[in-house]
Amino acid sequence: MKIVGIVGSNADFSYNRLLLNFIAKKFDKLIDVEVLDIADVPMFNQSNDQTNSDVIQNLNKKILAADGVIIATPEYNHSIPSALQSVLEWLSFKIHPLDGKPVMIVGASYDVQGSSRSQLHLRQILDAPGVNAVVMPGNEFLLGEVHKAFDQERNLKDKETTQFLETCIKKFIRFINVVNVMHSPEGMKDLSSTEDLYATGSIDTTIKDINMLDDDWVEQAAEKTNAADGNTYVKLNRGILTVDQINYFLDSMPAELTFADSNNQFLYYNYKYEAEDMLAARRPEQVGNPLAECHPERAYSSVAWVIQQLRTGKEDVVRTHVPTHGPDKFVVHSYQAVRDDDGNYLGINEYVRDIKPIIDWYLEQTGQQLTGGGVDAVSGATSKVDSVSGATVKDN
Amino acid sequence: MKNLIGIVGTNSDNSTNRQLLQFIQKHFSGKANIEVCEIKDLPGFNKPKDREAPVEVQKLSDKIEEADGVIISTPEYNHSVPAALKSTLEWLSYTTQPLIDKAVMITGASYGRLGSSRSQAHLRQMLDAPELKARIMPSSEFLLGFSLQAFEENGDLKDKSKIEELEGIFDDFIQFVDITNQLVNAKSTHKKQAQQFSWEDH
Ligand SMILES: Cc1cc2nc3c(=O)[nH]c(=O)nc-3n(C[C@H](O)[C@H](O)[C@H](O)COP(=O)(O)O)c2cc1C
Ligand SMILES: Cc1cc2nc3c(=O)[nH]c(=O)nc-3n(C[C@H](O)[C@H](O)[C@H](O)COP(=O)(O)O)c2cc1C
């Protein structure tokens, strides 16, 4: 997620800038923050329109392209500083980049009140019709007594404060999703917000403190957990195999296998072919990513829908057939719920395969034929296969 | 007769708030000398290390210091006080602090129906901050809505009832200036406290 952070102070040294830089650094696993300064923005003047100046156009473009905006405001005389006010005036005069944009407010100030009053003013300002931002309610992050708040490395000293900030950031990610749903065309049901596709939560098995987006997530996670490998034996239900044997066994499966856990983190695939040779492309460096990073944004709603079917127990498997590989392949993606002995949802086993060789083989063996032509033949075949499998059950 | 100054709360060339102050100046010329002051030439506030007031700020500050009372007329930008006026108050609070214990009356004009009610509320809260500490006249709000249509060619307010309302508030203000300036004792300690106050070392 791309986030723009606006430093609400034009001072050479600003605690609010420190705070945004800290957010950018600390939560880089969750969000991609670009911190923007406002010191070069001229004082707003209705009679001297400078909307087209580079500084203002730059802010405009960056904000338009961002998924959300975090504004860090100091408190000057119980309100927001004129420098920030001026920026918001430019951004509500001839152009309106904040219109409908999800915004989160944070603030650092000298007083123990930590910019509480200026944050309230800022909310009202962002709510004015010319600005019309969508400000996240609640989750007020006030950093009081700033001069004591940061250590030498410019990290927040207080653990609890950092934790609260993390909660706020995670809520903001969800808030952005909700706002996107709100803004989707009427009648279109966007379900992306029903699932935390950015894997911002964590479950018992989540390997913490490693950047999910790192290319070598697997290596880092293996080191962190002291993961078994090679010819170490692993006890299974039911049997004993070495890690190598498990690997080769899974590689020999006639399908592309993928495991994503219930936190929507992509943890494993049976890496045998390079992406271009796969039916559903995966790359080794993607392992560890949240599912949102593995799909284009337009697919979020359907991905969330599938997971919901499995998580809530409505379905044990959801299948889709993907005709884009041409008539010589019958590619089926199956999303199979992985559950523990008590039926709790643990994640997805996605297996992708071309079922045509099996169908061809079966038809040949049994002397049966596919009826119809064109695309319908495929669905015709599917129903035939269904009746065939019914027969198989009977035989058993 | 009282000496007052009126501060135009905008840097815009055309301003109905400026028109309002000019009307007040003319209409009450029998009751007070009112000088209308501009903020449009002040530089933007940027927290200079030396805490020195630039020349233009110093000039405005001296006028405030000398005046018996101050009228601030504020536009409303995005439900708040325009950046230009905020910047002016930042300069004054950060450098010379002439508004401490100064009697202040707030007026405002806006194009819409509400007549700057929201920016006036913000302005009150700002003037109450420890480095400004103005004495704002309580329970008085002069809101001029639909301000683009509010004035005659000659600059007079069209609406007679609005003029009466303004007269009432202005008379109160003259008395308020007297009362405020009589609180000499409280004032001197107050001022000392505020001048010693700094956000950055408490
Ligand atoms: C003109 C001015 C007014 C201030 N008013 C307040 C205030 O009302 N409340 C407050 O907590 N701090 C106030 N401060 C102190 C700021 O909190 C402090 O300068 C802070 O560092 C500003 O944030 P920054 O470091 O990001 O610029 C004021 C500072 C200045 C320069
Ligand atoms: C950036 C911008 C924001 C504005 N926001 C408001 C507003 O929130 N409420 C309002 O009544 N008028 C708003 N206006 C319109 C007028 O500028 C405003 O009514 C003002 O008080 C008129 O005062 P003036 O004639 O002294 O400039 C806005 C204008 C600009 C340029």
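Reply: Two residues are in contact here when heavy atoms of theirs lie within 4.5 Å. The model is predicted.

Most of α1(A) is covered, since nine of its 12 residues count as buried, that is, they have under 20% relative accessible area. The buried set begins with Tyr15(A), Asn16(A), Arg17(A), Leu18(A), Leu19(A) and Leu20(A) and goes on with Phe22(A), Ile23(A) and Ala24(A).

Helix α2 of chain A shares part of this surrounding. Residues 54–65 form it, and its 12 residues reach 16 Å from first C-alpha to last, close to the 16 Å expected. Its buried residues are Ile56(A), Gln57(A), Leu59(A), Asn60(A) and Ile63(A). They lie on the same side of α2(A) because they cover an arc of only 160° around the axis. The other side of α2(A) carries the exposed residues Asp54(A), Lys61(A) and Ala65(A). What the buried residues pack against is β1 (2–7), β2 (32–36), β3 (68–72) and α3 (82–90) of chain A.

Thr73(A) is buried, with a relative accessible area of 0%. Setting aside neighbours within four places in sequence, its contacts include Asn16(A), as well as Ile80(A), Pro81(A) and Leu84(A). Asn16(A) is itself one of the buried residues of α1(A). Further along the sequence, Thr73(A) is in contact with Ile105(A), Val106(A), Gly107(A) and Ala108(A), and also with Ser115(A), Ser118(A), Gln119(A) and Leu122(A). Leu122(A) is 49 residues away along the chain, while its C-alpha atom and that of Thr73(A) are separated by 8.2 Å.

The rest of the chain can be set beside this part. Chain A has 10 helices and 13 strands, and 46% of its 396 residues count as buried. Its C-alpha trace spans about 85 × 50 × 35 Å along the principal axes. Among contacts between residues at least 6 apart in sequence, 64% join residues at least 24 apart.

Beyond its neighbours within four places, the contacts of Leu197(A) are with Asn264(A), Pro290(A), Leu291(A), Ala292(A), Tyr300(A), Val303(A) and Ile307(A).

Helix α9 of chain A, residues 356–366, has Lys356(A), Ile359(A) and Leu363(A) as buried residues. These cover an arc of only 65° around the axis, so they are on the same side of α9(A). Trp361(A), Glu364(A) and Gln365(A) are exposed on the other side of α9(A). Gly367(A), just after the helix, takes a positive phi of about 75°.

Some backbone geometry remains. Most residues other than glycine have a negative phi, and most peptide bonds are trans. Asn132(A) is not a glycine, yet has a positive phi of about 60°. It is placed in the loop between α4 (116–126) and β5 (134–135) of chain A, and counts as partly exposed at 34% relative accessibility. Arg154(A), also not a glycine, has a positive phi of about 65°. Arg154(A) is partly exposed, at 46% relative accessibility. The peptide bond from Asn237(A) to Arg238(A) is cis, with omega near 15°; Arg238(A) is in the loop between β7 (233–236) and β8 (239–242) of chain A.

Key
Residues numbered from 1 in each chain as written. Chains lettered and ligands numbered in written order. Predicted model: local features only at pLDDT ≥ 70, side-chain atom pairs only at ≥ 80, totals over all residues. Heavy atoms only, no water. Helix = DSSP H or I, 4+ residues; strand = E, 2+ residues; numbered from the N terminus. Buried < 20%, exposed > 50% of the residue type's maximum accessible area, 1.4 Å probe, protein only. Expected span 1.5 Å × (residues − 1). Arc of directions from axis to C-beta.
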